[in-house]
Every structure is written in C-alpha cells, then in structure tokens.
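Hi everyone, thanks for making time for this one. Let me put the structure up and then walk you through it.

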Amino acid sequence: MNILDNTSEFTLNSLTLPVWIAIGVVSLLILVCSVFAIVFGIMLPIKYMRFNKKQTARGVAGKDVARDLLDKYGMEKIKVKKANIFTAFMVGNSYSHFFKRVRLRGLIYNKDSLTSVAIAGQKVGLAKLDKDGDKDMKRRIWLLPFLTFLGPWAFILLVVLGIVLDVILFKFSGILFLSFSILGVLFYLFCAFYQFIQLKTEKKAQDVALDILVKENYLTAEEVKDAKELYKVYNLNYIFDIIISILEAILQILKIVLMVLSKSSSSSSSSN
C-alpha cells in the first residue's frame, strides 16, 4: 500500500468517522474563535479612540513621555519618531531593536491622551526589556525579521492562509496534499510560537510601563485602571490569534490522518 498514490477520495466509514467528527469540532472551534477575534478586533480601535479622547491629569504628550523615560532609564540613543504611512500600516506603534527607535502613530504622537501615554510607556517597556537582556525579548528580536507581517494583520493572514490551504488541498492529493499539509502545520505552529513570545513580551512591557509611568507621575491610580483595560484588549487579540494558529495546525494534522485512513480503507476494500 502506498499512501502517497494519487487519490482525492476521503472515505466515510467506521475507521474515518471519528476523524471526520474531530475535523468538524475543530472547524467549529476555529469559527467560534474567529468570531471572538473579530469582536475584540473591533473593540480595540474603539477603546483606542475612546481613551485617545481622554486627557491625562499631567497633560504630557506621548512623544515627550517616551523621550523622558528613555533618557531616565539609560536609553538615550533610542529615538522617538512619528510613524510614516508605511510603518504605521505595517507595524503601527512599535519599538525597533534594529533601528533603535520607538514609533508612535500620528493620532497619538503629539497628544496628551491616556492612549498616547499608555502606548508610549509600553513601547519604552519593550526597549527596556531589550536593554536588560530579557530572554523572551531576545527570541522575539531573532524571529522578527521572519514574521514582521504578524501582529496587527495576524488574524487576517491566518484566515486567508487557511482558505488557500483548503483550496489547494481540495485540488491536489497524494504527495502534493501531504507536502502542503505538513508545510501548513509547521507554519501554523511557528506562528503560534512567535505569537506566544510576542504576548509574553508585550505583557512584560505593559507591567514595566505601568510601574515606571506611576513612578514618574505620568499616570494616576484611576488612569492606571484605564491603561490596563486598553492593554487587556490588545492581549485578548494576541490570545485568540494563538488559539486559531494551534487549531489550524490541529486541523491540518487531522486531514493528514484522514488521508492515510481513507487510503488504507480503500486499499483494504480493493484487496477484498
């Protein structure tokens, strides 16, 4: 028996039925998680804009907060820049290890809002993790050149990839099916690993930010609650992206198992 023979049949019998059920369950979970991802994806800009209208008690713009904190914590060489159209689209508010700069979107760059201060502080937090040699931050920096597109576009890219794989795997079978399935599994697992590292570093940077923003009197106790609320929505987006990546990997594995069992069942029927 050669499981890589060219066959497009996925049989339904007592042997493959549990796999079909598992595929259905995993597909349903992906759909549910996708709905939640869309909901939190919509919530994020709503919270972002809402808190961007709320002025902080101290009234200092995000760019000035970032500059002050970088100077006070030994990161004078890191620049604070307004994100241009390209960087705003690709990476948004960000910290770059390679270019040694904190980028802030135009909407918050020169604004003394809660969003501006919270985001500026969090990006300084990432820079501080880098400066302190945090292990997870080192992993993130090493992986970043390969996965720059992940982050704000992760959910969309994962869904599109899932659709493309389904189209490809519907048209091909045998060795092509197996090859694309394995590549899909590896890619989704790689994405999940990077997103997990990204979530860990983002959360650490948020904790650093809240600590130094309070210490330097940039946020009041009430404003800290709002900043945590904003950070929480960011984190939930990362969490659902990780879950979807893992579920997509499981789905591809189940399809490989289904192909093997279907071929085995077909071969047994032919021999009989």
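Before I count anything: when I say salt bridge, I mean a side-chain nitrogen of Lys or Arg within 4 Å of a carboxyl oxygen of Asp or Glu. By that rule the structure holds 16 salt bridges.

Quick housekeeping. This is a predicted model, so local features need pLDDT of at least 70 and side-chain atom pairs count only at pLDDT 80 or more, while totals for chains, interfaces and linings use all residues. Residues are numbered from 1 along each chain as its sequence is written, and side-chain values use heavy atoms, with hydrogens and water left out.

Okay, the overall layout. We have nine helices and three strands; helices here are DSSP runs of H or I with at least four residues, strands are E runs with at least two, and both are numbered from the N terminus. I'll call a residue buried under 20% relative accessible area, exposed over 50%, and partly exposed in between, with a 1.4 Å probe and protein chains only. On that scale, 46% of the 272 residues are buried. Contact, for me, means heavy atoms within 4.5 Å. Of the contacts with a separation of 6 or more, 80% are between residues 24 or more positions apart.

Lys 47 and Glu 229 pair through their side chains at 2.1 Å, N to O. Lys 47 is in helix 1 and Glu 229 in helix 9, so this pair ties together parts 182 residues apart in sequence. Lys 47 is buried at 14% relative accessibility, and Glu 229 is partly exposed at 26%.

Asp 226 and Lys 54 form another salt bridge, at 2.3 Å, N to O. That one also links distant parts of the chain, with Asp 226 in helix 9 and Lys 54 in the loop between helix 1 and helix 2, 172 residues apart. Asp 226 is buried at 8%, whereas Lys 54 is partly exposed at 34%.

Which residues does Phe 51 touch, leaving aside its neighbours within four places in sequence? They are Ser 113, Leu 114, Thr 115, Asp 226, Glu 229 and Leu 230. Phe 51 lies in helix 1 and is buried, at 1% relative accessibility. Its C-alpha sits 8.5 Å from that of Ala 227, 176 residues away in sequence.

Next stop, helix 6, residues 135-143. Its buried residues are Asp 136, Met 137, Arg 140, Ile 141 and Leu 143. Asp 134 caps the N-terminal end of helix 6, with a side-chain oxygen 3.1 Å from the backbone nitrogen of Asp 136. Asp 136 itself is buried at 4%. The side chains of Asp 136 and Lys 204 make a polar contact of 2.8 Å, meaning a pair of N or O atoms within 3.5 Å; within protein, one must be able to donate a hydrogen and the other to accept it, and residues adjacent in sequence count only if both atoms are side-chain atoms. Asp 136 and Lys 204 are also part of a salt-bridge network, together with Asp 134, Arg 139 and Lys 200.

Then there's Asn 93, in the loop between helix 3 (85-90) and strand 2 (94-96). Is Asn 93 buried or exposed? Buried, at 10% relative accessibility. Its side chain has a polar contact of 3.0 Å with the side chain of Tyr 48, and it reaches the backbone nitrogen of Arg 105 at 2.6 Å. Among the other residues that Asn 93 contacts are Ile 108, Ile 119 and Lys 123.

That Lys 123 has a salt bridge too, with Glu 202 at 3.9 Å, N to O. Glu 202 is in helix 8 and Lys 123 in helix 5, so the pair ties together parts 79 residues apart in sequence. Glu 202 is buried at 5%, and Lys 123 is buried at 8%.

Last one, helix 2, residues 62-72, where Gly 62, Val 65, Ala 66, Leu 69 and Leu 70 are buried. Looking down the axis of helix 2, these buried residues fall within an arc of 125 degrees, so they line one face of the helix; the arc is taken from the directions from the helix axis to the C-beta atoms. Just after helix 2, Gly 74 has a positive phi of about 75 degrees.
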